[in-house]
Amino acid sequence: MIAKEIIDAIEQFASPLYQESYDNCGLQVGNMNDEVKGVLLSLDVTESIVDEAIQRGCNMIVAHHPVIFSGVKKIIGRTYVERIIQKAIKNDINIYAAHTNLDNVRNGVNAKIAEKLGLKNTAILSVKTNTLSKLYTYAPLDVADKVRNALFEAGAGSVGNYAECSFNINGAGTFKPGTQANPAIGMAGGAREELNEVKIEVLVEKHREGQVLKALFENHPYEEVAYELIALQNPNQEIGSGMVGFLPNPMEETEFLKFLKESMKTNCIRHTALLNKKIHKIAICGGAGSFLLKDAIAAKADVFITGDFKYHQFFDAEGRIIIADIGHYESEQFTVEIFEAILKKKFPNFAPLLSGLSTNPIKYFC
């Protein structure tokens, strides 16, 4: 197996098209065509993680956080980033990161937190736009089913929990083949043709556009396939930041905080004043999620669970919600389980290894 196969499996689950503009997901060090002997899964890439990969016979590290966020002008070992790059290159270790793209997909980082908390009826907290397109194409009646099914198999026509969604209109299509044409119907240089066709309309997610168009061209009988692919502003309920869901049963505030501490394996929780009401609706965001506080309040969540809140940001709760800051590392520590599930499903006979080290740079004295 080569590194590209590992990367493709992860990016089919969380396309890099959905990463934030500031991010740097993808292969950071290495070569796509390197043969992979072993994969180590970690939240971060540190010098100790590279050492662990070497000791455990892994020549690829898959992490959530990129080790390279911005430009590196020199690699002379002055910083931990430079030393990681040096050691990885010297030992032929590939380093790959799936960061905010994994945060922003429906079954990514926030879904894993929701799973740990047993939340029900979950939904994206802040959905993204500009991630959907509408494909229109036209097919003769006798091949419309073949074309439509090919589009479905390529991933078109998904709307939330529904698949194979399309809208179809019968009409008349006309065309006149040129002298150099190779028409499926009619003759080159012949008369104008008119035949019954079906206009097929389907939604296409941004990361599936290439494969859907490929399926269209391969299964449509026409030499020149007529189609329009139009970007939409519609919010995509499958892509976005954070998540909201419900506890199976409401809990008292202190009972919930104890449950949260145990479930997320955190040493302590920084939180705003308790509001003396039951906890039922929960908003979550793995990592640094203060930018979603207004969304959590608008969603009427009882608690917003995230990390990296600054002192003055706690005041923004305004007595309308409990902010529960469990820590950046603590909120994302189970992300490696997502990578593990992806790779085990795709490669049943290949066993990725979970790092045995904590990369949390923050220590607590309680």
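The tour goes from a sheet to the helices across it, and then to a pair of helices.

This is a predicted model, in which local features need pLDDT of at least 70, side-chain atom pairs count only at pLDDT 80 or more, and totals for chains, interfaces and linings use all residues. Residues are numbered from 1 along each chain as its sequence is written, and side-chain values use heavy atoms, with hydrogens and water left out.

**The sheet.** Helices (H or I, at least four residues) and strands (E, at least two) are DSSP runs, numbered from the N terminus. Two strands pair if DSSP finds at least two bridges between them. Select the open sheet: its 6 strands follow the order β5-β10-β12-β13-β14-β11, with mixed pairing. At its edges are β5 (120-128) and β11 (270-271), each pairing on one side only.

Next select β5 with β10 (residues 236-251): the two run antiparallel, joined by 6 bridges. Lys120 is opposite Phe246 in β10.

**Helices across the sheet.** Select α5 (residues 109-117), which lies across β5, β10, β12 (279-288) and β13 (303-307). Its direction is at about 140° to β12. Axes are lines fitted to C-alpha atoms, for helices over the stretch in contact (heavy atoms within 4.5 Å); angles run from 0 to 180 degrees between N-to-C directions. Then select α8 (residues 253-263), which lies across β10, β11, β12, β13 and β14 (322-325), at about 120° to β10.

**A helix pair.** Finally, select α6 (residues 144-153) and α7 (residues 209-219), which pack at about 155° with their axes 8 Å apart. Lys146, Val147, Ala150 and Leu151 of α6 make the contact with Val212, Ala215, Leu216 and Asn219 of α7.
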